[in-house]
Amino acid sequence: MVTETIGAPRLERLRAVCARVGVGRSTIYRWIAEGKFPAPARIGDHTAAWDARLVDRWIEARLARPRIAA
């Protein structure tokens with residue numbers, strides 16, 4: 001039987017992060033270099049992934065900002 005822990009870490013690869021945020025890989029890496037987006041964790045010699053909870057928090061913070069009136 002598999003049980004899922006609420007709030008358990010979930011790793012997402014770059015393609016999934018780009019899809020969730022709605023930007024391309026170069027934008028993600030530029031934002032990381034500028035300190036505007038969470039950096040990925042190294043999970044292998046040539047593999048990195050993001051903690052989905054950090055990406056969730058980043059998205060929530062963006063949505064909480066005041067909106068620009070059209």
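Let me begin with two helices of this predicted model: the axes of helix α1, residues 14-21, and of α3 come within 11 Å of each other and cross at roughly 15 degrees, where axes are lines fitted to C-alpha atoms, for helices over the stretch in contact, and angles run from 0 to 180 degrees between N-to-C directions. That angle makes α1 roughly parallel to α3, the cut-offs being under 35 degrees for roughly parallel, over 145 for roughly antiparallel, 65 to 115 for roughly perpendicular, and oblique for the rest. On the α1 side the contact is made by Val-17, Arg-20 and Val-21, and on the α3 side by Ala-52, Val-55, Asp-56, Trp-58 and Ile-59, with contact taken as heavy atoms within 4.5 Å.

Before going on, a word on conventions. Because this is a predicted model, local features need pLDDT of at least 70 and side-chain atom pairs count only at pLDDT 80 or more, while totals for chains, interfaces and linings use all residues. Residues are numbered from 1 along each chain as its sequence is written, and side-chain values use heavy atoms, with hydrogens and water left out.

α1 and α2 pack at an angle of about 90 degrees, with their axes 9 Å apart, and that makes α1 roughly perpendicular to α2. Here α1 contributes Leu-14, Val-17, Cys-18 and Val-21 to the contact, and α2 contributes Arg-25, Ile-28, Tyr-29 and Trp-31.

As for the overall layout, the protein chain has three helices and three strands, which are DSSP runs numbered from the N terminus, helices being H or I with at least four residues and strands E with at least two. Along the sequence they follow the pattern β-α-α-β-β-α. Of the 70 residues of the chain, 26% count as buried, where buried means under 20% relative accessible area, exposed over 50%, and partly exposed in between, with a 1.4 Å probe and protein chains only. Among contacts in the chain with a separation of 6 or more, 42% are accounted for by residues 24 or more positions apart.

Let me turn to the aromatic rings. The structure holds four aromatic pairs, a pair being rings of Phe, Tyr and Trp (its six-membered ring) with centres within 6.5 Å, and planes under 30 degrees apart counting as stacked, over 60 as edge-to-face and the rest as tilted. One of them joins Trp-31 and Phe-37, whose ring centres are 6.3 Å apart with planes at 40 degrees, so this pair is tilted. For Phe-37 and Trp-58 the centres are 4.9 Å apart and the planes at 70 degrees, so that pair is edge-to-face. This second pair links distant parts of the chain, since Phe-37 sits in the loop between α2 (25-33) and β2 (41-44) and Trp-58 in helix α3 (residues 52-64), 21 residues apart.

Trp-31, Phe-37 and Trp-58 form one aromatic cluster. Are its members buried or exposed? Trp-31 and Phe-37 are both buried, Phe-37 with a relative accessible area of 6%, and Trp-58 is buried as well, at 13%. Arg-62 lies over the face of Trp-31, at 5.5 Å from the ring centre, the criterion being NZ of Lys or CZ of Arg within 6 Å of the ring centre and within 35 degrees of the ring normal.

Which residues does Trp-58 touch, not counting residues up to four places away in sequence? They are Val-21, Trp-31, Lys-36, Phe-37 and Pro-38. The C-alpha atoms of Trp-58 and Val-21 are separated by 9.4 Å, although the two are 37 residues apart along the chain.

I will close with two further sites. Thr-47 lies in strand β3, residues 47-51, and is partly exposed, with a relative accessible area of 23%. Leaving out residues up to four places away in sequence, Thr-47 touches Arg-13, Ala-41 and Arg-42.
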